[in-house]
Amino acid sequence: MLRYTASRLLQAIPTLLGLSLLGFLLVHAIPGDPGRIALGARATPSAVRAYDAGLHLNEPIFAQYITFLGAAVRLHFGYSLGLREPVGVAIRDHAGPTALLIVYSMIIALAIAVPLSLVVAKRRGSLIDHGVRGLGMISFAMPPFWLGLILVLGLSVAVPLFPVSGYASGFTGELRSLTLPALTLGLLFSPVFIRTLRASLLEVLDSEFVEASRARGLSERRVLYRHALRPSSLPLVTLVGLTLGSLLSYTVVVENVFGIPGLGALLVTAVTNRDFPLVQGLVVVLGLAVVLINLATDLLYGCVDPRVRLMATR
Amino acid sequence: MTSQTVALPDPRQALVNRLAGGRRQRVSAPRLGAGILAVVIVASLTVRVCGIVTPGAVDLTHTLEPPSIHHLFGTDDLGRDVFGRTIYAATLDLWLGVSTTVGAMALGLVIGALVGYRGGVLDSCVMRLMDIILAFPFIVFVMAFITIYGPGLTGIYIGFIITGIPVFARLARAAMLGVREQEFILAAETLGFSRGRIIWRHALPHLLSATVVYALANIVLNIIYVAALSYLGLGVQPPTPEWGATIAEGQQYLLTAWWISTLPGLFFVVVCIAIYLAGEGLADPLSRRTLGQ
């Protein structure tokens with residue numbers, strides 16, 4: 001397990017370095033003078049120079065990168081241009097709703113996917129099976145912001161169950177505000193889970209130990225729930241990690257549909273205002289989050305399934 | 001596979017097959033998709049070229065009118081015909097999806113073919129770089145480019161093409177590893193053809209079929225994300241008609257004039273499903289032509 005953990009950690013290092021390089025180069029790729037953009041056209045040249053010196057832009061580029069790396073490790077990304085507060089503070093204040101939304105939508109996606117894939121795997125080739133697959137295809141063709149609006153029309157206008165938008169305080173208020181966004185994401189992502197779980201269930205149901213439990217006279221229900229479900233749900237662990245990147249992309253959009261004050265809303269404001277220190281901080285933090293969670297799922301997978309860590313270290 | 005439909009004895013089974021898009025149906029579902037797509041493209045081009053729809057035509061005497069025979073999707077707050085704008089926008093949205101995909105596909109194919117053929121250190125370095133891009137939340141990456149170039153299409157083109165490359169490069173490389181071992185490549189090498197000629201003329205056609213199916217899915221993905229960015233105000237700028245921007249404009253009237261956002265969105269979903277269905281038709285004959293099958 002130690003060797004497996006070490007090899008996974010080592011593999012993450014180039015990715016993290018690439019990520020930091022990308023965040024670093026972002027400021028340098030902006031045409032024109034960052035100080036000029038930040039301070040506006042009327043700023044004096046000396047003020048612009050002083051601003052650039054504050055960003056260490058007058059130093060050699062390699063030294064700049066090292067400085068950036070040192071600051072990024074402590075999550076210091078300078079001051080946001082629009083918010084007039086440190087980027088780290090702004091990100092911390094907006095991280096909560098996003099994290100809650102992601103967890104909530106994962107739970108909804110799994111709550112839809114697990115029972116449905118059990119039904120679908122039991123009745124392979126039936127009308128339900130094909131129907132679920134068809135719905136899956138439709139969900140791939142569905143823009144998340146539009147589905148969000150449809151859910152608003154259905155569940156907060158026609159039947160006033162949930163708020164149209166905005167973010168209430170208190171845990172129950174937060175959950176109520178996050179239900180429609182989480183449902184949007186959950187509906188869009190459950191087909192991916194269903195497809196994977198269905199495939200692995202079918203594979204496990206064909207295996208010899210399932211045959212053996214059937215031969216021992218166990219009921220089909222018991223075979224399915226007690227013997228087949230657990231080994232089949234292993235690929236889901238990896239999938240949850242892999243989906244996170246695209247889930248985060250969709251979260252950025254969905255947060256803005258429902259007015260959730262999370263990192264996605266912050267990112268859109270930052271990009272609209274060309275608030276590059278804030279964009280830089282968000283790029284690095286969001287990328288870091290995805291890489292770390294993928295690493296965690298990899299390790300978790302190694303924990304759950306010994307075959308994986310044996311194969312990886314061989 | 002024949003295109004004739006065989007008369008089925010059991011009507012329930014026929015229904016299952018029809019809904020399923022199963023074996024018997026493979027032939028007509030892609031045709032349906034391609035048909036819808038063709039109608040939309042022709043209509044959109046006609047509307048543009050012949051000037052039937054003026055997307056900016058404001059009519060303040062007919063604002064926020066519900067769908068009727070004159071205005072199929074109703075009118076918006078400025079009295080503009082929502083259906084006309086939706087049709088008009090189809091070429092732009094499809095073009096953005098297709099062009100970004102084709103750009104990424106071309107670059108990804110070349111990169112994947114090259115490193116797959118040569119192997120070695122270059123191969124592992126380039127594929128590592130691809131992994132880094134792939135590890136990134138896609139929309140954040142694109143938005144970084146929009147920050148650099150400002151809201152609009154430049155950042156979208158560059159961001160979508162760069163983020164699209166890794167998957168194509170991976171697919172092309174994987175296919176190249178198989179093709180490289182084939183006898184006709186050995187024959188070409190024996191004949192003393194240059195590396196460029198072998199990759200370009202002999203191997204690339206086989207790699208193409210390995211990536212085309214993913215390309216269609218990628219087109220849909222890119223259309224959705226370009227629309228999402230326009231919805232957020234970072235892509236195509238109003239008053240240019242675009243699906244995402246139209247849906248965003250209608251959102252503030254969701255409670256009083258539901259049609260402005262919902263009907264263009266429905267149109268959008270139908271077009272995307274049509275692309276998927278058309279793609280299924282391509283997947284079948286191509287996969288049979290792919291080497292090693």
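Where is Leu64(B) in chain B? Leu64(B) sits in the loop between α2 (28–49) and α3 of chain B. Helices here are DSSP runs of H or I with at least four residues, strands are runs of E with at least two, and both are numbered from the N terminus.

Some ground rules. Residues are numbered from 1 along each chain as its sequence is written, while chains are lettered from A and ligands numbered from 1 in the order in which they are written. This is a predicted model, where local features need pLDDT of at least 70, side-chain atom pairs count only at pLDDT 80 or more, and totals for chains, interfaces and linings use all residues.

Back to Leu64(B). Its phi is near 50°, a positive value in a residue other than glycine. Most residues other than glycine have a negative phi, and most peptide bonds are trans. Leu64(B) has 15 other C-beta atoms within 10 Å, so it is partly exposed. The cut-offs: 20 or more other C-beta atoms within 10 Å means buried, 12 or fewer means exposed, in between means partly exposed, and C-beta atoms are placed from the backbone.

Asp59(B) is also in the loop between α2 and α3 of chain B. Asp59(B) counts as partly exposed because it has 13 C-beta neighbours inside 10 Å. From Asp59(B) to Tyr117(B) is 58 residues in sequence and 61 Å in space, C-alpha to C-alpha.

Now chain B as a whole. It has 10 helices and zero strands. Of its 293 residues, 41% count as buried. Take contacts in chain B between residues at least 6 apart in sequence: 69% of them join residues at least 24 apart. Two residues are in contact if their C-beta atoms, placed from the backbone, lie within 7 Å.

Next, a helix pair. Two packed helices are described by the angle between their axes and the distance between the axes. For helix α3 (residues 82–118) and helix α8 (residues 195–231) of chain B, the axes come within 7 Å and cross at roughly 145°. Axes are lines fitted to C-alpha atoms, for helices over the stretch in contact, and angles run from 0 to 180 degrees between N-to-C directions. The crossing of α3(B) and α8(B) is right-handed. By class, the contact has 17 nonpolar, six polar and one charged residues. Nonpolar means Ala, Val, Leu, Ile, Met, Phe, Trp, Tyr, Cys and Pro; charged means Asp, Glu, Lys and Arg; the others, Gly among them, are polar.

Look at Ile199(B), in helix α8 of chain B. Ile199(B) counts as buried because it has 24 C-beta neighbours inside 10 Å. Ile199(B) and Tyr117(B) are 82 residues apart in sequence, yet 7.7 Å apart in space, C-alpha to C-alpha. Not counting residues up to four places away in sequence, Ile199(B) touches Ala113(B), Leu114(B), Tyr117(B) and Leu204(B).

A cis peptide bond joins Pro238(B) and Pro239(B), with omega about 10°.

On to chain A. It is divided into domain 1 (1–82 + 276–314) and domain 2 (92–272), with bounds from an automatic or database domain assignment. Their C-alpha centres lie 30 Å apart. Contact between them involves 13 residues of domain 1 and 14 residues of domain 2.

Arg274(A) is in the loop between α12 and α13 of chain A. Its phi is near 50°, again positive in a residue other than glycine.

How do the chains meet? The contact takes 45 residues from chain A and 40 residues from chain B. The chain A side divides into 32 nonpolar, 12 polar and one charged.

Last, the core. The largest nonpolar core has 139 residues, and Leu267(A), Leu282(A), Val142(B) and Ala172(B) have the most contacts inside it. Such a core is a set of buried Ala, Val, Leu, Ile, Met, Phe, Trp, Tyr and Cys residues joined through C-beta atoms within 7 Å. The largest share of this core, 18 residues, comes from α8(B). Both domains of chain A give residues to this core, so it lies between them.

Methods
A crossing is left-handed if the near helix is turned anticlockwise from the far one by less than a right angle, and right-handed if clockwise.
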